[in-house]
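Trainee: I'd like to go through this one by asking where each label comes from. Can we take it term by term?

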Amino acid sequence: MRAVSTTALMCAAVPGAVAAVRLAVHQERGLRRARALLAPVGAARRTVPGEPPWERLLPRVRGRTRGLPREWLCVPPAALLALLGGSVLPLLGGALAVPLVGRRLRAVEERKERERRADGIVALCGAAAGELRAGLQPVPALLAAAASTGGLGGAEPAVLAAARFGGDVPDALRRAAGEPGAEGLVGLAACWRVAVDGGAGLAAGLDRLEAALRAERDQREALRAQLAGAWSTVVVLALLPVVGLAMGWALGADPLRVLLHTPAGLGCLAVGGLLEAAGLWWAARIVRTGEGT
């Protein structure tokens, strides 16, 4: 009963302590900002009495870790757990997590690059249609739109060379559409071919293509917004073991010693790690399947 009441008091006191620390930090930052604004121009920065040490250390840490890959940030928490638990198993787990986290971060960067390329093509179609309505011919309109939006990406030199020197512009656009996220250039190539061969209006075709690509992008964003709750559930489920360890510490137990230095704890750690990995993989697979549809 005493352990439960102690846990309740700790849970009630933690938010207040966090709020007090934040208020003190914000007040200290406001005072330092006022001193900096009222200081003479060109005056050297001096250490303010009572300035927290992390305010001086954080810029140095950011400067030294600027070129360090983000996946290596898994190692310091693992090293801290290894030090607290007196075992090398957390450190080995952190080292094994580095390539997995790096793969995930690279996938996120590739997805962002693919979406930026797709957004650039949408802007390219709209700008080219506007230039055509302003009275430009197709080739100058494409050159002006590509220069203003950068929607062709890495394929811009090849496409612009074909446009300037009388090459096969639709073929160059189709080759450029092979990059991830540049699939919309296939529609631009088709509009160009129909306009050149059949005499149809290129501006009207580009308007319809832009509307279709924009609708596809809006649908993708709406689906991602609907799946945000599912991803939040996955994150919460992944953090539940950490909450269990924190509750064990709050109740006066030593979960790291049990998990890392006893046979039963090592078995529970192995089985729990496998179940955690399988659950995360299965939940992420369900969410990615929804994204793919």
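Mentor: Just after α9, glycine 252 takes a positive phi of about 95°. Residues are numbered from 1 along each chain as its sequence is written. This is a predicted model, where local features need pLDDT of at least 70 and side-chain atom pairs need 80 or more, while totals for chains, interfaces and linings use all residues; side-chain values use heavy atoms, with hydrogens and water left out.

Trainee: How many helices and strands are in the protein chain?

Mentor: The protein chain has 11 helices and 0 strands. Along the sequence the pattern reads α-α-α-α-α-α-α-α-α-α-α.

Trainee: How do you know what span to expect for α9?

Mentor: The expected span is 1.5 Å times one less than the number of residues. α9 has 49 residues, and its first and last C-alpha are 69 Å apart, close to the expected 72 Å.

Trainee: Where does α9 bend?

Mentor: At leucine 227, by about 35°. That angle lies between axes fitted to the seven residues ending there and the seven starting there.

Trainee: What makes glutamate 115 and arginine 111 a salt bridge?

Mentor: The cut-off is a side-chain nitrogen of Lys or Arg within 4 Å of a carboxyl oxygen of Asp or Glu. Here the closest N and O atoms are 3.4 Å apart, so the pair qualifies. Both residues sit in helix α4, 4 residues apart, about one turn of the helix. There's a network too: Arg111, Glu115, Arg220 and Arg224 are linked by salt bridges. The structure holds 11 salt bridges.

Trainee: Which parts of the chain does the salt bridge of glutamate 179 and arginine 117 link?

Mentor: Glutamate 179 and arginine 117 pair with N and O atoms 3.2 Å apart. This pair links distant parts of the chain, with glutamate 179 in the loop between α7 and α8 and arginine 117 in helix α4, 62 residues apart. Glutamate 179 is partly exposed at 26%, whereas arginine 117 is buried at 18%.

Trainee: What makes a set of residues a nonpolar core?

Mentor: The members are buried Ala, Val, Leu, Ile, Met, Phe, Trp, Tyr and Cys residues joined through side-chain atoms within 4.5 Å. The largest one here has 34 residues, and Leu124, Leu152, Leu173 and Leu185 touch the most other members. Helices α4, α5, α6, α7, α8 and α9 each supply at least two residues of this core. α4 gives the most, with 7.

Trainee: Which residues is leucine 124 in contact with, leaving aside its neighbours within four places in sequence?

Mentor: Contact means heavy atoms within 4.5 Å. Among leucine 124's partners are Leu142, Ala145, Leu152, Leu185 and Leu188.

How values were computed. Buried means under 20% relative accessible area, exposed over 50%, partly exposed in between (1.4 Å probe, protein chains only).
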